Amino acid sequence: MRLLSSALITLLALTKLSFASSSSVLVVLDPSLDREDYSIFFGGLEERGYNLTFRAPKDASPAITDYGVPNYDHVILFAPDTKSYAQDITPQSLVGLLSENTNLLIALSPKQTPLTSLAAEFSLILPPPETPLISHHPARSEPPTTIPVTVSSSPILTPGIPPVWYTGASHALGSTPMLVPILRAPAESFAADPTSDADSDALVTASEKGGEGLWAGSQMSLVTGFQTNVNSRVVFAGGVKMFSDEYARKELPSGELPGNALFVADVAAWVFQEKMKLRIDAVDHHRVGESGAPEMYTTSDEIVYTAHISAYDSETSTWKPYSGIDDLQLEFTMLDPHIRTSLPAVPGSPGTYQVQFRAPDRHGVFKFVLNWKRKGYSYLESSTTVPVVPPRHDQYPRFLSAAWPYYAGAISTSVGFFLFSALWLAGDVKGERKKGSKAE
């Protein structure tokens, strides 16, 4: 029964994204690691259509880049204990790969390596060397550095993943909003020397006081993603053993099978741009009652703005309209936002978001700005510049309804003046005639 359950979980992990488009992946594997020990993970990638190329950290070929151009779509670095690499693998070159939209999956370790300094570039704060994650709960026969970790819910992961086995380092997270926590450390865990964890009580006490507890509790992360401004992705895992076949098949203390196979498949799907990948297909704007975008708008015009958004479907390798965003906003800015309004999805029109608003009573060069950034999802950014001008001389209204009291006052004064003048002049003529008749 257990073998059948293990086979089902492994099959689900392998077929979860089996229709992904073919992409090239360079796997930098430490010579101390046997490729066959990670056959479930690597086999799952190949089942999903990836072309894997393996090399050792010190090998000069195949090269990651040629003349600054990446040769691979994705790079996996499973060399956590390696302290020297070939010339094409440096922290600077790996950061440059992200600028070229190459995604990275990196396994760290408690040891001090060049990858430690790379993690610091992404606002990850690692504990002192040789201090792996330790936990004595729950009670188990495994050493305290081999920990079953509960998987929290995340849009990146499949719901209901069982706990996963973990061995490796932990890290604290910096303040950058580009970090995407994927797996948190257990609340009762801490980072310490595994040969002598006598200072564990002091660490736990400090954690409660907010001091040295930086290395204790669920505030630490074990697997963390990072998404750059160009939407390339990198994932740092604190240990490589969680990707192994051993941990994928090792029973949990409760007797059930772990979720390692499904967890690492979900992580790879996210970092390789198979999940939560969005894009803006097109934007358009026009006046109400028109269909084309004008060269310029006039103050107080009624404007309709429309955005078309799609999401990547890895099962069919196509882009499909996506209406799942409920907090999209549009800004109409000139230096500062003059109008900020929600951009809701149009019912019955998948992938279409539309809003109508009135242009502000101020002329200048404005921008339609879309800037949607949420953890784990591709960033959506769009900016369209349009001028807003005051009305022309023949566009002003001839009469204003609000000014009718002034109009009435001016007209009545004029009419009264003419009546008074006419009566006064007429009265003078009649008086002169009466005086003349008496004199005669």
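Is Phe243 buried or exposed, and what is its relative accessible area? Phe243 is buried, with a relative accessible area of 4%; here buried means under 20% relative accessible area, exposed over 50% and partly exposed in between, for a 1.4 Å probe and protein chains only. The legends below describe a predicted model, in which local features need pLDDT of at least 70, side-chain atom pairs count only at pLDDT 80 or more, and totals for chains, interfaces and linings use all residues. Residues are numbered from 1 along each chain as its sequence is written, and side-chain values use heavy atoms, with hydrogens and water left out.

**View 1. The aromatic pair of Phe78 and Phe243.** The structure holds 21 aromatic pairs, a pair being rings of Phe, Tyr or Trp (its six-membered ring) with centres within 6.5 Å, counted as stacked when the planes are under 30 degrees apart, edge-to-face when over 60 and tilted for the rest. The ring centres of Phe78 and Phe243 are 5.0 Å apart and their planes stand at 50°, so this pair is tilted. It links distant parts of the chain, 165 residues apart: Phe78 belongs to strand β5 (residues 74–78), and Phe243 to the loop between β15 (233–237) and α6 (245–249). Helices (H or I, at least four residues) and strands (E, at least two) are DSSP runs, numbered from the N terminus. Phe78 is buried, at a relative accessible area of 0%. Ring pairs join Phe78 and Phe243 with Tyr38, Phe41, Phe42 and Phe54 in a cluster.

**View 2. Helix α4 and its buried residues.** Leu115, Thr116, Leu118 and Ala119 of α4 are buried. Viewed down the axis of α4, the buried residues fall within an arc of 160°, so they line one face of the helix; the arc is that of the directions from the helix axis to the C-beta atoms. Their cover includes β5, α3 (91–99), β6 (103–107), β7 and β15, where contact means heavy atoms within 4.5 Å. Ser123 follows α4 and has a positive phi, near 65°.

**View 3. Surroundings of Ser378.** Ser378 lies in the loop between β23 (364–372) and β24 (380–389) and is buried, with a relative accessible area of 1%. Its side chain and that of Arg233 are joined by a polar contact of 3.4 Å. Such a contact is a pair of N or O atoms within 3.5 Å; within protein, one must be able to donate a hydrogen and the other to accept it, and residues adjacent in sequence count only if both atoms are side-chain atoms. A polar atom of the Ser378 side chain also lies 3.3 Å from the backbone nitrogen of Leu278. Not counting residues up to four places away in sequence, those touched by Ser378 include Gln227, Asn231, Met276 and Trp372.

**View 4. The open sheet containing β20 and β23.** Five strands form an open sheet in the order β17-β24-β23-β20-β21, with mixed pairing; two strands pair if DSSP finds at least two bridges between them. β17 (297–298) and β21 (336–342) are at the edges, each with a single partner strand, so one side of each lacks a neighbour in the sheet. Strand β20 (residues 329–334) pairs with β23 in the antiparallel sense over 4 bridges. Phe332 stands opposite Phe368 in β23.
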